[in-house]
Amino acid sequence: MPSSSPSREGKSLDRRRFLKFGTAGLVVVGGGALAGTRLFGDPTPVGPGGAAVSAAEAGRATTGKVVRRQLRAAPATVDLGGRTVRTWAYEGTVPGPEIRVSAGDQLQVRLVNDLPEETTVHWHGLALRNDMDGVPGVTQDPVAAGGAFDYSFVVPDPGTYWFHPHVGAQLDRGLQAPLIVDDPAEPGDYDQEVVLVLDDWTDGWGESPEAIVERMAREGMDMGDMSGMDMGGMSGMEDMDMGGMDMEGSMPSADQPLGADTGDVSYPGHLINGRLPQDPFVITSAPRRRIRLRIINAGGDTAYRFAVGGHRLSVTHTDGFPVVPVEVDTLIIGMGERYDVVITTGDGAFPVVAVPEGKDAAPAQAVLRTASGATPAPGARPGELTGQLLRYTDLAPTETAALEAREPDRELELALQMVDGGRQWVINGVPFGEHTPLEIRAEERVRLVMRNESMMFHPMHLHGHTFALAGQAGPGIRKDTINVLPMETLAVDFQADNPGQWLVHCHNIYHGELGMMTVISYRA
């Protein structure tokens, strides 16, 4: 990878520069000893201050229980519900097999890489030890084709999480699965639990994810007169149609999309639990039962508007952390976000839908069946989709989930910007690989001010921490991924209590691969 930035004019981006997290220009800690197979009991912390990384984990409360799993990543032929595709998957299924543990368990997972290229696993949302975070070139060497790697860490917090690769655009294949962390102290005020994984699908059907990245890097988006806009400059935007979003970043009315352009990719299919609407995933239950739905957006480029026909949603958790329950009709879930909701079932068969927000595409659809009756037809659009829409500001953390009130010790600004009409996405003017890590100090309260200077969604994800939404009248909700709307500024606070090098990036896989990532770094 070149050590200096190429000219903005007519540049052709090097595919490996973004797809493989090349080493030049990165702060790489650790070396070849991490490649190939590593055995349990031989942890070699990679983040800044390796001993401190081990010490931070040693201070976590543990159950003393060890949960062991093997995870094989390999090419697979998968039936998506009437459409057979050749893709890459964990253990041959899409989604991959759920891993379920309790908070405080030691999770040991051997990744066996039978893919034709290197890979890793990132445990999305977990505040785990830094050397297990799965980011090649930042926390570990990538696991070579034919190699293996043993992930081993204490699982710190209960909630709904998931895992996926952090190499190139592999996330937009079939390599993703739920990680559910139970809380033994939770009362469990529901009768049934169902995990729903939402996904946009192209691999083996439309363009491959790698071809999409290469095309975007080569051609950019079709932005008309905006194609020459540099560094996200927004002059003249006052006359643009914002798709109903007001300029203070609040949500529009429920029947309008959030912004003019929510994603770049037109996917041929949208899935719930690996199934197309023509042969949907079915939730089998009975009337008047309380069902907890754990909803994960594993999509690469699509935010979804979620609703269950004939039912209201009682929102109980976001990104794993509990909130004071709020009833709504519909919610929007950005890439990488998770929501837990509880519904009380009616009598019949009902559509469970996830509409691609701002995209002209048929929704993903499952079925909730509690009695006999006709199955809802594919493409159902229940009235709840245009009902009461959840806003972040509607939610408040429970007392146990609230971040302790404290003024920030440090403020970091993250300007989210577009260059060359979408050929490159940057943070503070530079793409990943040309960035300088943002240095902070342990135990600081850090405020991230994220300013979206583009016309697109940016679901921003911070590794290794949860943050609280700042600027609220009371405590802000706890999250690790938050959707920053077009032209919106959001501030979040986190506690620097988990030393290491931590990625912060847009979870639109194509924005990330084209540069919208940086690193926050600190030692104990």
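Tutor: A contact here means heavy atoms within 4.5 Å. The model itself is predicted.

Student: What share of the contacts between residues at least 6 apart in sequence join residues at least 24 apart?
Tutor: The share is 78%.

Student: And what does the secondary structure of the chain come to?
Tutor: The chain has four helices and 30 strands. Of its 524 residues, 62% count as buried.

Student: Let us turn to β7. Is strand β7 mostly covered or mostly uncovered?
Tutor: Strand β7, residues 159–164, is mostly covered, since six of its six residues are buried. One side carries G159, Y161 and F163, the other T160, W162 and H164, and both faces are covered.

Student: Which strands does it pair with?
Tutor: Strand β5 (residues 122–124) is joined to β7 by three bridges and runs antiparallel to it; there, H124 has W162 as its bridge partner. Strand β8 (residues 177–182) also pairs with β7 in the antiparallel sense, over five bridges, and L179 in β8 is the bridge partner of Y161.

Student: Now the aromatics. How many pairs are there?
Tutor: The count comes to five aromatic pairs. One of them is Y90 with F163, a tilted pair at 5.7 Å centre to centre and 40° between the planes. Y90 belongs to strand β2 (residues 84–90) and F163 to strand β7, 73 residues apart.

Student: Why does Y90 count as buried?
Tutor: Buried means under 20% relative accessible area, and Y90 counts as buried because its value is 1%. F163 is buried as well, at 0% relative accessibility.

Student: What about W123 and Y151?
Tutor: They form an edge-to-face pair, 5.7 Å centre to centre with 75° between the planes. W123 lies in strand β5 and Y151 in strand β6 (residues 148–154), so the pair ties together parts 28 residues apart in sequence. Both W123 and Y151 are buried.

Student: Which residues do the ring pairs link into a cluster?
Tutor: The cluster consists of Y90, W123, F149, Y151, F153 and F163.

Student: Where does the charged end of R173 sit?
Tutor: It sits over the ring of W88, 3.8 Å from the ring centre. Elsewhere, K479 lies over the face of Y339, 5.3 Å from the centre of that ring.

Student: Last topic: what is the strand order in the open sheet of five strands?
Tutor: The order is β11-β19-β18-β13-β16, with mixed pairing. The edge strands are β11 (282–284) and β16 (331–333).

Terms used: Residues are numbered from 1 along each chain as its sequence is written. This is a predicted model: local features need pLDDT of at least 70, side-chain atom pairs count only at pLDDT 80 or more; totals for chains, interfaces and linings use all residues. Side-chain values use heavy atoms; hydrogens and water are left out. Two strands pair if DSSP finds at least two bridges between them. Helices (H or I, at least four residues) and strands (E, at least two) are DSSP runs, numbered from the N terminus. Buried means under 20% relative accessible area, exposed over 50%, partly exposed in between (1.4 Å probe, protein chains only). Rings of Phe, Tyr and Trp (its six-membered ring) pair if their centres lie within 6.5 Å; planes under 30 degrees apart count as stacked, over 60 as edge-to-face and the rest as tilted. A charge sits over a ring if NZ of Lys or CZ of Arg is within 6 Å of the ring centre and within 35 degrees of the ring normal.
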